Amino acid sequence: MSTRFWTGSRRDTLAGYLFIAPQLIGSVLFVFVPLGLVFWYSLHEWNVLADTFTFVGGENYQALADDPKLADALVATGFFSAGLVVLNLSLALLLAVLLNQRLRGTVFFRTVFFSPVVVSLVAWTIVWGFLLQDNGGINGLLETVGVDGPNWLRGEGTAMIAVIVVQVVKNVGLNMVLFLAALQGVPANLYEAATVDGATRRRQFLSITVPMISPTILLTSIITVVGSLQVFAQIAVLTQGGPGTSTTVLVYYLYQQAFQFHHFGYGATLSVLLFAIVLLLTLVQWRMRRKWVFHES
């Protein structure tokens, strides 16, 4: 009976489930269960000091709609995300194209641009915090050419720009490597045929390179957008959300509500909002892939 039951098809099915079991268990324990708990907490008011956990229904979501500071946090988040995504992807693609040439020293520069990726985020941010101070290294360099630099992290017009630049320099190497791998997978005969037909370098880039690496562009854009919406350590170390609320992005505002003001229920509600935004933007990018990603139309 057991021999007839364990047919080849059933053994293959069991093997498949065993292979995906670690990933499935990890997803359930560390993704789906926490998401469910966050939504559950968002329906309660949790006072740690008084040791109370009270069901409040939709009150936290009503407070979310009435929160006057939420709009500033969303604007700061949008500005940071837009600046980071545009600068990171464009600079990573430019570096990848330049370093894809067979020239002396390209391996060295690839290592230089990728090395910040493996540096500790907190250590990287602390060092840049010293460099961007009013009397820090950046303004010291500017003084050598006669320029009086601002206090980068204390000016409302420069604080967000400084944080964006720090994050771009930190992670541009990762997308650069992904673009390099994609560029090296483009068949050389396509460029040879285009050259014979008289296509310029610009036309070859737009008509061959970009379509062929468009799946990688989609991947890097999704990764970068999601990462930009989850920024926290850079804000906490460099600006603490200031000056004013100019760099108070949504994740940092969530942290303030939950762990500084002890509004854990409202903090969980902000987490649900963040999840909805990330999910929406990811789905939009995924749906739009059919219009510009090669082989997806």
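**Figure 1. Helix α11 and the elements that cover it.** In this predicted model, let us begin with helix α11, which is built from 16 residues. From its first C-alpha to its last, α11 reaches 23 Å, close to the 22 Å expected at 1.5 Å a residue. Which residues of α11 are buried? They are Ser214, Thr216, Ile217, Leu218, Thr220, Ser221, Ile222, Thr224, Val225, Ser228 and Leu229.

Figure 2. The largest nonpolar core holds 49 residues. Within this core, the residues that touch the most other members are Phe80, Met176, Phe179, Ile213, Val249 and Leu270. Which elements give two or more residues to this core? They are α4, α6 (121-131), α8, α11 (214-229), α12 (233-238), α13 and α14. Now zoom in on Phe179. Not counting residues up to four places away in sequence, Phe179 touches Leu89, Ala92, Leu93, Ala96, Ile213, Thr216, Ile217 and Thr220. Among these, Thr216, Ile217 and Thr220 are also listed with the buried residues of α11.

**Figure 3. Asn175, a buried residue of helix α8.** Asn175 is found in α8, the helix that spans residues 159-183. Is Asn175 buried or exposed? Asn175 counts as buried because its relative accessibility is 3%, and buried means under 20%. Leaving aside neighbours within four places in sequence, the contacts of Asn175 are Asn88, Leu89, Ala92, Thr220 and Thr224. Two of these partners, Thr220 and Thr224, are buried residues of α11. Leu89 and Ala92, also in contact with Asn175, are touched by Phe179 too.

**Figure 4. The largest pocket and its lining.** The largest pocket has a volume of about 640 Å³. It is lined by 16 residues, and those closest to its centre are Val97, Asn100, Gln101, Tyr191 and Arg201. At least two lining residues come from each of α4 (70-99) and α10 (201-212). Which element supplies the largest share of this lining? That is α4, with five residues. Sorted by class, the lining of the largest pocket has eight nonpolar, six polar and two charged residues.

**Figure 5. The second largest pocket, between residues of several elements' lists.** The second largest pocket has a volume of about 260 Å³. Its lining is made of Gln230, Val251, Leu254, Ser271, Leu274, Phe275, Val278 and Leu279. Two or more of these residues come from α13 (250-260), and likewise from α14 (264-292). The largest share, five residues, is supplied by α14. By class, this lining has six nonpolar and two polar residues, with no charged ones.

Figure 6. Gln257 is found in helix α13. Gln257 counts as buried because its relative accessibility is 8%. Leaving aside neighbours within four places in sequence, Gln257 is in contact with His262, His263, Tyr266 and Leu270. One of these partners, His262, lies in the loop between α13 and α14. At 39% relative accessibility, His262 counts as partly exposed. Where is phi of His262? It is near 60°, a positive value in a residue other than glycine.

**Figure 7. Backbone details in the loop between α12 and α13.** Most residues other than glycine have a negative phi, and most peptide bonds are trans. Gln240 is found in the loop between α12 and α13, and its phi is near 50°, a positive value in a residue other than glycine. Gln240 is partly exposed, with a relative accessible area of 39%. In the loop between α12 and α13 you will also find Pro243. A cis peptide bond joins Gly242 and Pro243, with omega about -5°.

**Figure 8. Ala233 in helix α12.** Ala233 is placed in helix α12. Ala233 counts as buried because its relative accessibility is 18%, and the cut-off for buried is under 20%. Not counting residues up to four places away in sequence, Ala233 touches Leu121 and Thr125. How many residues apart in sequence are Ala233 and Leu190? They are 43 residues apart in sequence, and in space they are 44 Å apart, C-alpha to C-alpha.

Definitions and conventions: Residues numbered from 1 in each chain as written. Predicted model: local features only at pLDDT ≥ 70, side-chain atom pairs only at ≥ 80, totals over all residues. Heavy atoms only, no water. 1 Å grid on protein atoms, 1.4 Å probe; cavity = no way out; pocket = protein on both sides within 12 Å on 5 of 7 lines; lining within 4 Å. Points joined across faces, edges and corners; volume = space filled by probe spheres on them. Helix = DSSP H or I, 4+ residues; strand = E, 2+ residues; numbered from the N terminus. Nonpolar A, V, L, I, M, F, W, Y, C, P; charged D, E, K, R; others polar. Buried < 20%, exposed > 50% of the residue type's maximum accessible area, 1.4 Å probe, protein only. Contact = heavy atoms within 4.5 Å. Core = buried A, V, L, I, M, F, W, Y, C linked by side-chain atoms within 4.5 Å. Expected span 1.5 Å × (residues − 1).
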